[in-house]
Amino acid sequence: MVPEDKKLYSNFDYESALSVQQGVQQPGQVSNSYIDKIRARKRQEPTVEELVCGILHGDRIMLSRAITLVESSLHDHQQRAQQVIERCLPYSGKSVRLGITGVPGAGKSTVIEALGKYLTGHNHKVAVLAIDPSSERSKGSILGDKTRMEELSVDPNAFIRPSPSAGSLGGVARKTREIIVLCEAAGFDVVIVETVGVGQSEVAAHSMVDFFLLLQLANTGDELQGIKRGIMEMADMIAINKCDIDMVKAELAATQYRNALHLFPMPDSQWTVKVMLCSAYTHQGVQDLWNNVMEYVAFTKANGYFYHKRQQQNLRILHETIENGLRDRFYNSPGMEERLDKISQDILESKISAYAAADQLLDSQLKD
């Protein structure tokens with residue numbers, strides 16, 4: 001029996017301990033026809049012609065799918081990816097390639113966002129390739145650098161693509177060079193490569209960009225730390241980031257790095273490496289940073305080093321491709337998995353040394 005004062009609410013279920021009334025159905029934020037179109041495009045595997053046409057017309061979905069194809073390890077995908085790259089190659093090479101590295105916590109992502117917003121505000125199209133370190137245990141990557149660039153990630157003139165390093169050394173992913181070609185063909189005139197920040201040795205990252213920026217912090221070492229060979233020799237400019245925290249210490253760090261640079265021989269580019277202060281948080285020094293990049297590009301184009309470096313990068317691609325191809329063919333050759341298992345067991349049982357085992361496998365592979 002429903003109480004008299006509750007007859008107005010006759011739709012209410014008094015026998016249930018919990019009752020939810022029917023709400024008003026809200027319309028979707030995206031039209032169903034658009035969702036169906038996107039799903040249909042995802043179901044269909046685009047052809048090489050469709051990928052190339054989409055990239056050349058600035059279609060970001062096609063660019064993303066082409067990058068995924070390039071990063072795939074499947075043989076069929078690699079064959080199609082190489083066709084896409086070959087078709088896009090004539091439309092590449094017209095961007096400024098900027099590499100940014102530094103120790104973890106130096107503010108690489110923040111600097112890239114501040115610089116990227118400055119560039120898009122001056123009619124540039126910016127592609128950011130953020131390389132994320134892969135776990136040695138799980139082999140996975142977080143790929144979360146894009147979340148640090150909230151404003152740049154929604155900028156219509158910017159494209160951010162996180163990629164796993166997947167065990168590649170040198171602070172970059174194995175396919176970063178090919179991805180640069182695709183981004184340039186899509187119309188991006190500035191390509192920024194953010195390395196994983198491995199520290200003293202990032203030769204691979206340096207060998208695929210025009211300008212290499214090293215981000216440092218104050219109180220991270222003295223002149224002795226600064227003159228260590230490796231990353232310091234490759235830098236075209238050093239920026240002391242987060243100078244807004246303590247300007248006095250930042251100035252001191254800049255002086256120490258300038259003193260350390262005097263001990264290095266003149267680089268092949270004949271460019272005098274500069275040390276500057278910046279703060280991505282307050283945007284201090286961001287414009288000066290880009291002006292120095294353009295000054296370097298103009299200087300090296302004038303003396304021919306810019307074009308010479310790109311030619312040397314192409315030769316390096318040749319050697320790296322040969323090495324990667326030999327490694328893949330070695331491990332994927334028929335019967336290699338069984339031979340590896342057998343000889344690995346012999347190594348574990350101390351029947352043969354690892355060096356002799358490697359020689360045996362290589363000899364047998366060359367004979368085959």
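This is a predicted model: local features need pLDDT of at least 70, side-chain atom pairs count only at pLDDT 80 or more; totals for chains, interfaces and linings use all residues.
Some ground rules come with the model: local features need pLDDT of at least 70, side-chain atom pairs count only at pLDDT 80 or more, and totals for chains, interfaces and linings use all residues. Residues are numbered from 1 along each chain as its sequence is written, and side-chain values use heavy atoms, with hydrogens and water left out.

**Helix pairs**

Two packed helices are described by the angle between their axes and the distance between the axes. Helices here are DSSP runs of H or I with at least four residues, strands are E runs of at least two, and both are numbered from the N terminus. Axes are lines fitted to C-alpha atoms, for helices over the stretch in contact, with angles from 0 to 180 degrees between N-to-C directions.

| Pair | Axis distance | Angle |
|---|---|---|
| α2 (residues 48-56) and α4 (residues 75-88) | within 10 Å | roughly 40 degrees |
| α4 and α8 (residues 176-185) | 9 Å | about 50 degrees |
| α13 (residues 286-303) and α14 (residues 305-332) | within 5 Å | roughly 85 degrees |

Let's take α4 and its partners. Angles under 35 degrees count as roughly parallel, over 145 as roughly antiparallel, 65 to 115 as roughly perpendicular and the rest as oblique. So α2 and α4 are oblique to each other, and their crossing is right-handed. On the α2 side, V48, E49, L51, V52 and I55 make the contact, with R80, Q83, V84, R87 and C88 on α4; contact means heavy atoms within 4.5 Å. That set holds six nonpolar, one polar and three charged residues.

With α8, α4 is oblique too, but this crossing is left-handed. Here Q82, V84, I85 and C88 of α4 meet E178, V181, L182 and A185 of α8.

Then there's α13, which sits roughly perpendicular to α14. Y296, V297, T300, K301 and N303 of α13 touch Y305, F306, Y307 and K309 of α14.

**A pocket**

α14 turns up again in the second largest pocket, giving six residues, the largest share of the lining. A pocket is an open set of points on a 1 Å grid over the protein atoms alone, where a 1.4 Å probe fits, with protein on both sides within 12 Å along at least five of seven lines; lining residues have an atom within 4 Å of a point. This one has a volume of about 700 Å³, volume being the space filled by probe spheres set on the points. Of its 29 lining residues, E233, A235, P265, P267 and V273 are the closest to the centre.

Technical notes:
A crossing is left-handed if the near helix is turned anticlockwise from the far one by less than a right angle, and right-handed if clockwise. Ala, Val, Leu, Ile, Met, Phe, Trp, Tyr, Cys and Pro count as nonpolar, Asp, Glu, Lys and Arg as charged, and the others, Gly among them, as polar.
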